[in-house]
Amino acid sequence: MTQMQVRGLMFDPYTNAYIVVLRDDGNTEMLPIWVGKPEASAISFAMEGIATPRPMTHDLMKTVLDTADAKVISVVVTDLKENTYYAKIHLLYGDSEYSIDSRPSDAIALALRAKAPVFVTDDVIRKHSNEEMDRWLENLKPEDFGKYDA
Amino acid sequence: MTVQGVWADASPNAESQVVLLQDEAKTSTLPIWVGTAEGTAIRLALEGIIPPRPLSHDLIRNLTEHLSLTVSKVVVTDVKNNTYYASIYLCSKQSELTVDSRPSDAIALALRTKSPIYATRDVLDRQVPETVEPWIKRLNAKELGGAA
């Protein structure tokens, strides 16, 4: 498992969605996660420390946890299946730990507000690299294959 | 009150949708302007559509379930400067706690937890009739089989 930070947030004109870029401290691993506009706003506000006049959805999420005295221990991006990322939010409530299924966008938006670390499993990093490789292979033209023939 | 529907508001803000609340006796109608994301979340819950992955309000509902918290009710409590305020009442084993919220989030959550939605008399009394009337007309037209 590798701890990562949100290092970038950008608009993708091809999909009309937003991309959250996660990177590890050593800058060796990079993970782009596509998210919708509301989640991108939530992440952006948290990154910039912007407080909105009324609580937004993820602020409410954090407040519900605070009110119940539940603590976000960490958030983990656990899997990648058919282009969809899966995440888990780890909570401490009373004496027990809970693990709740979530979209990575919501998990990250919450983690930023709770100042909790974001981790990505090695499995996800490996799967993401494989998919990029496949995409690169798809883009190769037939002539590329014969390039280095003597 | 119950949610009668979510409509796109043609004016003035393209981002806005309107959630219409009405009491059983149909004596009071409360239109609340919400953003696109919240409007969608409310519409999905109304239509009983379960998305493949949990959306933000599904996650909040799941969190309350895991923490053994019940949403006993949500209340639209106040209106100040055209902004509505709401409270979400959460019951744990020990106590009842209230959380400040936008009405849009409160309604989106209440529909998922099947909790009752209320509005205070004060909020209903402070409405401007001109704002409400067009929406009452729309609701009535819908009931008579007209287009919403």
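**A guided tour of chains A and B**

Select helix H3 (residues 104–114) of chain A: 11 of its 11 residues are buried, so this helix is largely enclosed by the rest of the structure. A residue is buried if 20 or more other C-beta atoms, placed from the backbone, lie within 10 Å of its own. Helices are DSSP runs of H or I with at least four residues, strands are E runs of at least two, and both are numbered from the N terminus. This is a predicted model, in which local features need pLDDT of at least 70, side-chain atom pairs count only at pLDDT 80 or more, and totals for chains, interfaces and linings use all residues. Residues are numbered from 1 along each chain as its sequence is written, while chains are lettered from A and ligands numbered from 1 in the order in which they are written.

Among the buried residues of H3(A) are Pro104(A), Asp106(A) and Arg113(A). Just after H3(A), select Lys115(A), which takes a positive phi of about 50°.

From the N terminus, its elements run β-β-β-α-α-β-β-β-α-β-α-α. Buried residues account for 37% of its 148 residues.

Finally, select helices H2 (residues 56–66) and H3 (residues 103–113) of chain B, whose axes come within 9 Å and cross at roughly 55°. Axes are lines fitted to C-alpha atoms, for helices over the stretch in contact, and angles run from 0 to 180 degrees between N-to-C directions. Where do they meet? His57(B), Asp58(B), Ile60(B), Arg61(B) and Thr64(B) in H2(B) meet Ala108(B), Leu109(B), Arg112(B) and Thr113(B) in H3(B), contact meaning C-beta atoms, placed from the backbone, within 7 Å.

Technical notes
Contact = placed C-beta atoms within 7 Å. Buried ≥ 20, exposed ≤ 12 C-beta atoms within 10 Å, placed from the backbone.
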